Amino acid sequence: TDVFGTIINAITGITGINYGKNPDTDISMRVVADHVRTVAFSIADGQLPSNSGAGYVIRRILRRAMRYGYTFLKQKQAFIHRLIPALINTMGDAYPELEVQKRLITEVIKEEEDVFLRTLENGIRLLDKIVKENKAKNKTEIQGEEAFVLYDTYGFPLDLTELILKENGMSLDKNGFDRQMQQQKERARNAAAVETGDWITVREGEPEFTGYDTTSAKAKILRYRHVKQKNAESFQIVFDRTPFYAEMGGQVGDCGTMTDSKGTVYIISDTKRENNLPVHFAHKPPENMEDIFSLEVDKTKRIATECNHTATHLLHESLRNVLGRHVEQKGSFVSPDMLRFDFSHYRKMTEEEIRSVERHITAKIREDIPLDEQRHVPLARAMELGAMALFGEKYGDDVRVVRFGSSIELCGGTHISSTGKIGTFRIISESSIAAGVRRIEAISAESCENHLYSQQDLIYNISSLLGNSGDPEQAVRKLTVENAVLKRQVEEFKKEKTQRLKQSLIERSQELGGIRLFEMKGQIPVEIAKDVAFQLRGEFPEKMFFAAAISYEGKPSLMLMLSDDLVKNGLNAGQIIRETASLIDGRGGGQPHFAVAGGKNVDGLEAALSEMKEKLF
């Protein structure tokens, strides 16, 4: 149809292959035209290619198109991203998000292409070999084990394997593949086997979370169970009410203590969510399950976590302000020590952009913006307020809105009461984790202070090493220049030494049976000996036999270089070195014309040199 005509014309322009001339290339063009549209619309909607869920579907669709382009349109380089302008010309008016997200779509598809083309080239080459071997044996079905190796070791998708086999009139032993996959899953399960006992109910009821308002509570046990993993035992407990935040939404669970009526303290090491229940992890069970317990969250870790969580919200807003509105959260992790934030962006952030984000956040911290929290807000009302909803997240009819000034998000986590309590903030690293997805790791509050102190200590220590220079930066620059000068001088000295050594060897060389013999021994660095050997081989290309038995810093080495005519006459440097290396308690090898060996016994060098020379005659 005319919807695809513009894209197919663009494919023709890139590949130089006309449409309508060959059924295979026609099908390939239609596949690429259809798939680039699907992938581009998905990325514009916020779904990036990934290894799981909806993102994996997008990745497989794109890789199917790449495979058709690679095999039938002879495109060995990334080309699908170049079709985005044609797609926008066709559908941009009806779907303006394509133009808005043009750069992101193009960069994501190109990076996916670059990564997968390497896998595709290796996989197709290996699969072609498997197909030829099976056809030679008159087999029309390849074993599942072979396909599984392609999938598991080389990352070659199963659906592409089946497609290519079908094109070659062959099939796959799918049952064999499934058996291999099942065995791998069983190995993984066995490695992390967990023995979980049944829940024992103490009393009926539903747990209530009080952690937004307090870090302590009186509570009763609803149920508990025994858990064993790799010989380590723990107990999981559900209380009727708890201030402990259960891990969810990227925020780690709280830890702390539970104290019974006798004053016995039990450590709660973690809190996780299972089937919407806050499950508390304890090292041992309390003596009396019917008791009333005093629950106390570790306030230091909770506050540190809250600082990082609030900083994450400020970071999200700042990235959108600095980089653009295409930035969307793709994942996060918040702990007492640090925060990690994954977001959609098409290129590496510059140092100026990182500094700008940091300044934006620290300005918000200095404003000391108070937390504006609204619970049980209808979802439609929350969206009217401008709350950020994460793509792919499922929300109920009522949501919790967390607001710090202009930062408004739907969030169930705990937060600091005002931004000023964060203190300070720094981005530690920015990197790529997938096509079109970047990751920031950052710190705030006390962790940030400790980091700044360590940086200050580092500068102080460097300054001390430089003689307490008033300007360590200038001192380092001076040292760098001096080091470069010294390196050049050392290289010149090495060249002079190499030339003198080579000239000495030439003067002391012998003619034995028409063969020029060069013999090197003494305290000589291996790299200099190797340089001399190759120079001599270039100056004496015929009937040249170079043998070295040297030591440097107490380490013995053997080296052998042969001219091509000696190799053709049956001598093999690698074989000779292997046979003589035992005399220095070592091992070695190499090519027929050049080989080396290293060992431990310096006393065996003379004998090894003699044996190498004996191989000549």
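Ala 311 is buried, with a relative accessible area of 0%. In this predicted model, the residue belongs to helix α10, which spans residues 299–323. Beyond its neighbours within four places in sequence, Ala 311 makes contact with Leu 339, Ile 422, Phe 425 and Ser 444.

## Packing of helices α4 and α6

Helix α4 covers residues 84–91 and helix α6 covers residues 102–136; the two pack at an angle of about 140°, with 10 Å between their axes. Angles over 145 degrees would count as roughly antiparallel and those from 65 to 115 as roughly perpendicular, and α4 and α6 are therefore oblique to each other. Their crossing is right-handed.

On the α4 side, the contact involves Ile 84, Pro 85 and Ile 88, which meet Lys 102, Ile 105, Thr 106 and Ile 109 of α6. By class, the residues of this contact comprise 5 nonpolar, 1 polar and 1 charged.

## The β13–β14 hairpin

Strand β13 (residues 329–334) pairs with strand β14 (residues 339–344) in the antiparallel sense, over 5 bridges. Together the strands form a hairpin, with 4 residues between them.

Which residue in β14 is the bridge partner of Gly 331? That partner is Asp 342. Leu 339, one of the residues in contact with Ala 311, falls within the residue range of β14, 339–344.

Definitions and conventions
Residues are numbered from 1 along each chain as its sequence is written. This is a predicted model: local features need pLDDT of at least 70, side-chain atom pairs count only at pLDDT 80 or more; totals for chains, interfaces and linings use all residues. Side-chain values use heavy atoms; hydrogens and water are left out. Axes are lines fitted to C-alpha atoms, for helices over the stretch in contact, and angles run from 0 to 180 degrees between N-to-C directions. Angles under 35 degrees count as roughly parallel, over 145 as roughly antiparallel, 65 to 115 as roughly perpendicular and the rest as oblique. A crossing is left-handed if the near helix is turned anticlockwise from the far one by less than a right angle, and right-handed if clockwise. Contact means heavy atoms within 4.5 Å. Ala, Val, Leu, Ile, Met, Phe, Trp, Tyr, Cys and Pro count as nonpolar, Asp, Glu, Lys and Arg as charged, and the others, Gly among them, as polar. Two strands pair if DSSP finds at least two bridges between them. Buried means under 20% relative accessible area, exposed over 50%, partly exposed in between (1.4 Å probe, protein chains only).
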